[in-house]
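Keep the structure open while reading.

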Amino acid sequence: MFGFQLLSAASVLLLLLLLTAHGAIPPPEDAARMARFVLHACDWGALATLSAQEGLRGYPFANIFSLSDGPPGPLSGSGVPYFYLTDLEISVQDLEINSNASLTVSLAQTPYCKKHKYDPQNPLCAHIIFSGNVVKVNDSEAGLAKKALFSRHPEMESWPKDHNWFFAKFNITCIWVLDYFGGLKTVTPEEYYSVKP
């Protein structure tokens with residue numbers, strides 16, 4: 001009997017891993033897990049800053065950035081959005097004056113929404129909005145950021161060295177999840193980081 005229970009538990013775990021690896025998404029009532037799932041599934045996001053540029057000063061300014069929370073795979077996401085940035089980039093110049101930002105990621109960039117014929121604006125094509133600020137990572141975290149980013153974006157390693165690239169992360173203060181009808185769900189950073197991928 002014990003052998004059967006062990007086999008059943010192992011079979012269930014294997015089935016769960018296979019479903020996750022093939023794009024099974026968390027249920028809508030599990031908003032924190034959905035936020036972690038969507039971030040890990042995405043390779044880029046729209047980062048919105050408050051512009052410091054002449055003619056745009058004070059206006060929202062959204063820009064696309066490659067990101068990663070860890071190497072590909074269902075169990076390897078840290079939940080921390082990492083970036084590889086340079087001061088030459090216009091949005092980074094905004095962040096140097098005001099580091100507050102929002103970051104949006106969506107399953108629209110994955111095969112999931114196309115497969116189900118969901119328009120990117122359809123709530124079933126889940127998207128997550130993070131608010132917080134962007135900061136350079138410290139030396140102790142740089143190795144983790146490098147592994148997360150270069151495993152998904154290998155081209156980054158060959159980007160011009162004279163651009164003075166650095167690793168940064170998005171410090172999350174609040175999370176909004178839109179993955180079903182009925183409006184946004186709010187997730188705290190504590191709820192978000194307590195979820196295991």
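Five rings make up one aromatic cluster: Tyr-84, Phe-150, Trp-159, Trp-165 and Phe-167. The model is predicted. Its aromatic pairs number 11. One disulfide turns up in a search of the whole structure.

**Aromatic pair and cluster**

- A pair of rings is described by the distance of the centres and the angle of the planes.
- Of the 11 aromatic pairs in the structure, one is formed by Tyr-84 and Phe-150.
- The centres of Tyr-84 and Phe-150 are 5.3 Å apart. Their planes make an angle of 85°. The geometry is edge-to-face, because an angle over 60 degrees counts as such.
- Which parts of the chain does this pair link? Tyr-84 sits in strand E3 (residues 82-85), and Phe-150 sits in helix H5 (residues 139-152). The two residues are 66 residues apart, so the pair links distant parts of the chain.
- Are Tyr-84 and Phe-150 buried or exposed? Both Tyr-84 and Phe-150 are buried.
- The cluster that holds Tyr-84 and Phe-150 also includes Trp-159, Trp-165 and Phe-167.

**Charges over rings**

- Arg-36 lies over the face of Tyr-192, 5.5 Å from the ring centre.
- Lys-136 lies over the face of Phe-166, 4.5 Å from the ring centre.
- Both cases meet the distance cut-off for a charge over a ring, which is within 6 Å of the ring centre.

**The disulfide**

- Cys-113 and Cys-125 are joined by a disulfide, with an S to S distance of 2.0 Å. The cut-off is within 2.5 Å, so the pair qualifies.
- The link of Cys-113 and Cys-125 is right-handed, with 105° about the S-S bond.
- What does the pair tie together? Cys-113 lies in helix H4 (residues 111-115). Cys-125 lies in the loop between H4 and strand E5 (127-136). The bond therefore ties together parts that are 12 residues apart in sequence.
- Cys-113 has a relative accessible area of 2%, so Cys-113 is buried.
- Cys-125 has 0% relative accessibility and also counts as buried.

**Other cysteines**

- Cys-42 counts as buried, at 0% relative accessibility.
- Cys-174 has a relative accessible area of 18%. Buried means under 20%, so Cys-174 is buried.

Notes: Residues numbered from 1 in each chain as written. Predicted model: local features only at pLDDT ≥ 70, side-chain atom pairs only at ≥ 80, totals over all residues. Heavy atoms only, no water. Phe/Tyr/Trp six-rings, centres within 6.5 Å; stacked < 30°, edge-to-face > 60°. Helix = DSSP H or I, 4+ residues; strand = E, 2+ residues; numbered from the N terminus. Buried < 20%, exposed > 50% of the residue type's maximum accessible area, 1.4 Å probe, protein only. Lys NZ or Arg CZ within 6 Å of the ring centre and 35° of its normal.
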